[in-house]
Amino acid sequence: MRRTRRLRLCVAGAVAASALFAAPATAQATQPKDAQLTDLVNPFIGTENEGNTYPGAAVPFGMVQFSPDTGHNTGYDYSQNHIRGFSLVHLSGVGCGLGGDLPVLPTTGDVTQTDYARYAAEFSHDDETASPGYYRVGLKTGIEAELTATERTGVQRYTFPATDKANVLLNAAQSLHTRVAAKVEVLDNRTVRTAITGRGFCQDTNPYTVYTVTRFDRPFTAYGTWDGSTVTAGSKAGAGGAYVRFDTTKDRTVEATTALSYVDAHGAAVNLRAEGGRSFDAVRDRARQAWEDRLDDVRVQGGDDSLRRTFYSSLYRSFLAPNIGSDADGRYTGWDQRIHRTDGFTYYQNWSLWDTYRTQSQLLSLLAPREARDMAISVIRISEESGWLPKWGYGTVETNIMTGDPVTPFLTNAYQQGLLKDYEDRAYRALKRNADGVPPADSPAVGREANKEYIADGFAPYVKGRPHVKPGDSDYDHGASATLEYALSDAMLARMARDLGHDADAARYAARSQSYRNIFDPSTGFFRARDASGAFTGPADPAQSEGFHEGTSWQYQWLVPQDLPGMVGLIGGEQAANARLDSFFAYDQLLADPAKTAREVWVNGPYDYYNADKYNPQNEPDLIAPYTYLSTGEPWKTTDVVHAALTLFTDAPTGMTGNDDLGTMSAWNVLSSIGVFPVQPGYDTWGLSTPVFDRVDLTLDRRYYPRGALTVTALGTSATDRYIQSARTDGAAYDRTYLTTGDLRTLRSLAFTVGPHPSEWGTSPGAAPPALK
């Protein structure tokens, strides 16, 4: 009865707002079967207002991301109009400078400048295009530059004016990270080799080295090198940059292939032999087909052109990382800085785990399970070779950026999705060591830095001003959120331990997963940091709280996916929880104008994480929050909030909500648009909401999903008809607000009936995702 009364109270407001609701799916459209899905992808989305994406050329999960750099600390900023160079390495949506190795730029005339900020070439967006696997720009110097890529090479084509001084500058001494050393060698009249050692991401790191070899399609007529600002004709030992010159008075086009390796110069040569030798056009066509094959696993019907462009652009960005780290011969540099060789898998690197464990890793487990398996094996290898699991890894080193224990739900997700066959015990040993200890002093990793106190006292303390023992972030700086993230990870590890027969471990981790209760302050009704003595500390106002990483107590209060019923009980039950959720999402304002609420109430700026009592859709701690309503008896509100948040994704350069963080935000958009979202990251639970498309056809790998396909339908879904009235799975009535991975393996269809008013679908006892015990 109580739930029915609440339902009736919400109907009037929902009906009044339906005409104003700016839900994306407002028009019916179907992509023709023979159309190219790559034509719907706009790589410029997120290149303005700190989305920090890049528009350049890459193939799915490729080692190379060949893209222009305009001076932004992560590479490309759409608001700028000078290109410093086209460099080989970029990560989609990172918040600090990283990569930018070997910026290459075509010029004409004498080479007099060696600082790429000074010789940068002006361009206009009117003469710039990009699509998956291809980038082109016309420079104001009269040179046309085109880029494409294979897995381990970047291929460039420059069309020069008629001149006998057409140059290509290769600047090994400048990049987006902190350079430690650079070496350029001209090997012969077609080949240039470099070794670039750098460090840093947000803070200092151990050094890592990138090796390249560039092979031109014809001999150059002259060359020179530079060290600092001194340019010397011919080769010079210790040079940090080189130029090579061509006569383009007759043949105006120059092509070159640059191979990359994180192992050694031999590895770069191996990659060049394996993937080089093809014409630019042939490589571009292959790259486009690789993306077409990847995108074709998701076919949507319904929605207008803008919605479909936004969706497929997000799907594209979801497949940009992690990145291949092993060379074509299977060798890779491990985190012990030794050379290893793969045995039946591809080694991957670049792990933004604090971000990706919430959305992107689950999307890859669904749509790219073979690659996701290799990614999980790679993480296990990191532990076995370096002695500890990663937190935020770049290339061959640990950065220790962000806090908590994100690697545990990453690996337990892989386990729950069936991706760790034959590796279960190895994964569990690494996870147990990580969960029960702290890395030794000589390890670069910080792991669960506050684990000793967490295990002994039941919480990670917030210790202001504690010196950092190792580079990167410290869990002691964010003790409250670290406690919540440790507890989440313990819950996920408990389920894996129970499955593998480690009953004592399972009971211990399950008990520790309740540690979130230890930072609940009854006097405020919110989570709150505790100092080393156990006293609650920092401002009592939850919007001004301290000790939470990139957020406040308001934003972290819902990060208890392992036990939402318990959390709801702490704050006074469903009615109190729904009142708090409504305040958090500004729900009344949302019903009146969802798009305005999303942009003017929720969003404060890409890096404005603190001093707020509202939902922040731009940042990871809040990604699961809209789905909390599934557990509080008002599941229709999940759709209201999710669809409002989806209005923040557009097909313009400003169309990202905050940093993409290696596909995290993009994957949130993809999954929420389909209507199936991982509400318990690290486990196998998928929450349900109204899709934005009439129909979505997923092609799935039969080795992991025996049916090979899943169709999700919501015929007539629109701004007004957005509420689930009923659901059916393979034709049978279905009232729960979630599915499991086991369900996804056996289903062929998930069909929603939608309408203009909230219904009682999903409100019966047992309909909500269960707590993990």
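Let me begin with one side chain, Tyr587, which is buried at 3% relative accessibility. Buried here means under 20% relative accessible area, exposed over 50%, and partly exposed in between, with a 1.4 Å probe and protein chains only. Tyr629 is also counted as buried, at 0% relative accessibility.

Before I go on, the ground rules. This is a predicted model, in which local features need pLDDT of at least 70 and side-chain atom pairs count only at pLDDT 80 or more, while totals for chains, interfaces and linings use all residues. Residues are numbered from 1 along each chain as its sequence is written, and side-chain values use heavy atoms, with hydrogens and water left out.

On confidence: pLDDT is the predictor's confidence in each residue, from 0 to 100. The protein has an average pLDDT of 94, and 96% of the residues score at least 70. The pLDDT is below 50 over residues 1-29, a stretch that has 69 contacts in the model beyond near neighbours in sequence. A contact means heavy atoms within 4.5 Å. Where pLDDT is low, the predicted coordinates should not be read in detail. As for the element names, helices (H or I, at least four residues) and strands (E, at least two) are DSSP runs, numbered from the N terminus.

Now the aromatic rings. Rings of Phe, Tyr and Trp (its six-membered ring) pair if their centres lie within 6.5 Å; planes under 30 degrees apart count as stacked, over 60 as edge-to-face, and the rest as tilted. How many aromatic pairs does a search of the whole structure find? The count is 37. One of these is the stacked pair of Tyr332 and Tyr347, at 3.8 Å centre to centre with 10° between the planes. That pair links distant parts of the chain, 15 residues apart: Tyr332 is in strand β19 (residues 331-333), and Tyr347 is in the loop between β20 (339-341) and β21 (348-349). Tyr332 is buried at 0% relative accessibility, and Tyr347 is buried with a relative accessible area of 1%.

Back to Tyr587 and Tyr629. Their ring centres are 6.4 Å apart and their planes are at 55°, so this pair is tilted. Tyr587 lies in helix α17 (residues 587-592), and Tyr629 in the loop between α18 (594-602) and α19 (636-646), so the pair ties together parts that are 42 residues apart in sequence.

Two arginines sit over rings. The rule is that NZ of Lys or CZ of Arg is within 6 Å of the ring centre and within 35 degrees of the ring normal. Arg433 lies over the face of Trp388, 5.9 Å from the ring centre. The charged end of Arg448 is over the ring of Tyr486, at 4.9 Å from its centre.

Next, the disulfide. With a disulfide taken as a pair of cysteine sulfur atoms within 2.5 Å, the count is 1. It joins Cys96 to Cys202, with 1.9 Å from S to S, and the link is right-handed, with 95° about the S-S bond. Cys96 lies in the loop between β3 (85-87) and β4 (104-108) and Cys202 in the loop between β11 (191-199) and β12 (208-216), so the pair ties together parts 106 residues apart in sequence. Cys96 counts as buried, at 19% relative accessibility, whereas Cys202 is partly exposed at 43%.

On to strands, which pair if DSSP finds at least two bridges between them. In strand β16 (residues 253-261), 8 of the 9 residues are buried. Strand β8 (residues 153-159) pairs with β16 in the antiparallel sense over 7 bridges, and the bridge partner of Tyr158 in β16 is Val254. β12 also runs antiparallel to β16, joined by 6 bridges, with Thr212 opposite Leu260.

Strand β13 (residues 222-227) is joined to the antiparallel strand β15 (residues 241-246) by 5 bridges, and Tyr223 stands opposite Val244 in β15. β13 also pairs with strand β14 (residues 230-233), antiparallel over 3 bridges. The hairpin of β13 and β14 has 2 residues between the strands, and Gly228 there takes a positive phi near 70°.

Last, helix α20 (residues 664-674). Is it mostly covered or mostly open? It is mostly covered, with 11 of its 11 residues buried. Just after α20, Gly675 takes a positive phi of about 95°.
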